[in-house]
Amino acid sequence: MSSGTTASTVRVGLSVWLLGFPGAAAASNYGLNLPVGVTEISSRVYGLHMLVFWICVAIGIVVFSAMFYSILRHRKSLGVKAARFHENTAVEVLWTLVPLSILVGMAIPATRVLIAMEDTSASDMTVKVTGYQWKWHYEYLDEEVSFFSNLATPQEQILGLEEKGEHYLLEVDNPMVVPVGKRIRILLTASDVIHAWWVPDLAIKRDAIPGFINEVWTRIDEPGVFRGQCAELCGRGHAFMPIVVVAKDEAGWQAWLEEQRASKAADETLAMADWSMDDLMARGREVHETHCAACHQAGGEGIPGVFPAIQGSAIATGALEEHLEIVIRGQPGTAMAAFGPQLSDADLASVITYQRNAWGNDTGDVVTPARIGSAR
């Protein structure tokens with residue numbers, strides 16, 4: 001067998017194993033076996049997994065049966081003498097051909113599944129997925145629709161102040177929505193560190209690497225909601241970047257597209273509106289809890305030695321221009337990401353206003369979307 005075929009077999013084996021390992025968490029139960037999934041590829045992966053499993057069971061039965069038979073039948077108490085032959089040609093040939101035949105028998109179906117998984121041709125639409133610390137950005141390249149998907153589990157549940165919900169840490173504010181029956185090409189990359197887009201029901205687990213584009217595809221034939229999560233240890237907030245994929249029928253898909261376009265137009269209108277301090281503070285709190293609280297905490301106190309506090313900080317109470325600069329462009333060499341490309345002018349204006357007037361910061365500064373536009 002060639003080294004390439006062996007590598008393919010090992011890769012499929014690892015993929016199959018990883019799709020099951022704590023995948024039950026994403027699949028909402030802790031079953032003993034892999035989820036069958038909802039796509040053709042996931043069914044083929046499951047079938048391959050079961051084929052290899054039963055081959056291993058058969059090998060185990062044969063080997064252990066022979067071993068225990070030999071132990072009992074040829075034990076010393078019966079007076080059996082050890083055979084003195086060695087380097088028997090027939091045994092050597094069988095010892096080589098039998099394992100080789102088994103490996104070839106597993107490699108052929110494994111290679112077929114791998115080829116099917118990697119074939120992204122003839123796709124009906126393309127979605128670019130970018131991993132950020134710690135959120136996902138979805139860009140529908142053919143539809144001019146894009147949005148960020150953030151963890152939607154309330155901070156109260158994370159802090160243990162409320163009972164945890166059914167989909168704790170597996171719920172988002174904006175799920176990825178796709179039409180059923182369409183072949184969807186997914187391009188995966190990341191903006192900061194390595195993440196992994198992992199949805200067990202779709203049999204997809206692919207790394208999102210900064211500077212690289214990985215491809216994968218899927219086709220979901222029935223409407224439904226499918227959950228997953230990042231599967232690379234990408235940082236402190238690794239557990240807080242779930243993935244939710246919603247498959248809709250054609251009517252639901254078209255309605256969702258119209259909703260997204262209307263939302264984009266509404267955001268553009270909001271950027272031109274006159275905002276009061278109360279409006280900015282209300283929206284700023286939502287933006288802070290969604291995008292900033294994972295590091296700086298909901299109360300702005302930060303995490304000593306890890307993430308700086310905003311409450312009473314020199315940035316939030318000092319010169320406004322410096323606050324605008326660090327939020328819009330980030331701080332190279334630190335975990336502080338550039339939020340300029342991620343948030344709208346209205347979101348940036350409101351969160352900066354909120355941070356400069358919450359938790360006793362009381363600067364009285366009001367930042368408008370127009371100010372953000374000029375600072376970009």
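Predicted model: local features only at pLDDT ≥ 70, side-chain atom pairs only at ≥ 80, totals over all residues.
Residues are numbered from 1 along each chain as its sequence is written, and local features need pLDDT of at least 70, with side-chain atom pairs counted only at pLDDT 80 or more, while totals for chains, interfaces and linings use all residues. Side-chain values use heavy atoms, with hydrogens and water left out.

Two packed helices are described by the angle between their axes and the distance between the axes. The axes (lines fitted to C-alpha atoms, for helices over the stretch in contact, with angles from 0 to 180 degrees between N-to-C directions) of α3 and helix α4 (residues 89–118) come within 10 Å and cross at roughly 170 degrees; helices here are DSSP runs of H or I with at least four residues, strands are runs of E with at least two, and both are numbered from the N terminus. Helices α3 and α4 are therefore roughly antiparallel to each other, a term for angles over 145 degrees. In this contact (heavy atoms within 4.5 Å), the residues of α3 include Ile41, Leu48 and Ile59, and those of α4 include Ile102, Met106 and Met117. By class, the contact of α3 with α4 holds 14 nonpolar, no polar and two charged residues, where Ala, Val, Leu, Ile, Met, Phe, Trp, Tyr, Cys and Pro count as nonpolar, Asp, Glu, Lys and Arg as charged, and the others, Gly among them, as polar.

The axes of helix α9 (residues 320–329) and helix α10 (residues 345–357) come within 11 Å and cross at roughly 130 degrees, which makes α9 oblique to α10, the class left once angles under 35 degrees (roughly parallel), over 145 (roughly antiparallel) and 65 to 115 (roughly perpendicular) are set aside. Leu320, His323, Leu324, Val327 and Ile328 of α9 make the contact with Leu348, Ile352, Gln355 and Arg356 of α10, and these residues divide into six nonpolar, two polar and one charged.

Most residues other than glycine have a negative phi, and most peptide bonds are trans. A cis peptide bond, with omega of about -5 degrees, joins Gln133 and Trp134, and Trp134 lies in the loop between β1 (125–132) and β2 (135–140). Ala203, in the loop between β6 (195–199) and β7 (204–208), has a positive phi near 60 degrees.

Ala203 is also one of the residues lining the largest cavity, as are Ile41 and Met117; a cavity is a set of points, on a 1 Å grid over the protein atoms alone, where a 1.4 Å probe fits but cannot get out, and lining residues have an atom within 4 Å of a point. Strand β8 gives the most to this lining, with three residues.

Methods:
1 Å grid on protein atoms, 1.4 Å probe; cavity = no way out; pocket = protein on both sides within 12 Å on 5 of 7 lines; lining within 4 Å.
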